[in-house]
Amino acid sequence: MLNKSPALDRMFHALADPTRRVMVERLARGPASVSELAKPLTMSLPAVVQHLHVLEASGLVRSEKMGRVRTCRIEPKGLRAAEQWIAERRTIWEHRLDRLGEYLAAHPDEPSQGSKSCPNDR
């Protein structure tokens with residue numbers, strides 16, 4: 001079941017950090033070396049590498065080392081699980097809001113139970 005997916009949990013955990021989101025945004029424009037990713041950040045290179053490990057473990061980023069340079073790339077397949085989860089929730093809520101809209105259109109004069117006038121309406 002997608003709602004109990006450890007991979008999805010790792011992805012949302014990885015994206016929960018603003019520094020990692022900056023890295024993902026940068027990598028969405030194209031591959032970058034670790035030092036290029038670290039340049040705009042106010043942290044040590046080892047801290048940047050730790051963030052990259054989290055991104056790689058989540059499946060959002062992959063890297064390869066050629067010589068002395070480690071190049072990172074976004075992994076588009078990594079976002080598919082999160083995209084699917086969000087799309088499913090969007091579909092459910094759109095359907096619910098459509099049903100609510102239909103109900104309200106069919107019952108325009110029916111007050112809701114327990115509704116009181118809003119203080120701002122006075």
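**Close-up views of a predicted model**

**View 1. Helix α2 and helix α4 pack together.** Helix α2 (residues 18-28) and helix α4 (residues 45-58) pack at an angle of about 75°, their axes 10 Å apart. That makes α2 roughly perpendicular to α4 (65 to 115 degrees counts as such). Here Thr-19, Arg-20, Met-23 and Val-24 of α2 meet Val-48, His-51, Leu-52, Val-54 and Leu-55 of α4, where contact means heavy atoms within 4.5 Å. Sorted by class, this contact has six nonpolar, two polar and one charged residues (Asp, Glu, Lys and Arg are charged; Ala, Val, Leu, Ile, Met, Phe, Trp, Tyr, Cys and Pro are nonpolar; the others, Gly among them, are polar).

This is a predicted model, with pLDDT of at least 70 needed for local features and 80 or more for side-chain atom pairs, while totals for chains, interfaces and linings use all residues. Residues are numbered from 1 along each chain as its sequence is written, and side-chain values use heavy atoms, leaving out hydrogens and water.

**View 2. Helix α1 crosses helix α5.** The axes of α1 (residues 6-15) and α5 (residues 76-106) come within 10 Å and cross at roughly 95°. Leu-8, Met-11 and Phe-12 are the α1 side of the contact, and the α5 side includes Trp-85 and Ile-86. The residues here split into eight nonpolar, one polar and no charged.

**View 3. An open sheet has three strands.** Their order is β1-β3-β2, with antiparallel pairing (a pair needs at least two DSSP bridges). β1 (32-33) and β2 (61-66) stand at the edges with a single partner each, so one side of each has no neighbour in the sheet. Helix α2 packs on this sheet, touching β1, β2 and β3.

Terms used:
Axes are lines fitted to C-alpha atoms, for helices over the stretch in contact, and angles run from 0 to 180 degrees between N-to-C directions. Helices (H or I, at least four residues) and strands (E, at least two) are DSSP runs, numbered from the N terminus. Angles under 35 degrees count as roughly parallel, over 145 as roughly antiparallel, 65 to 115 as roughly perpendicular and the rest as oblique.
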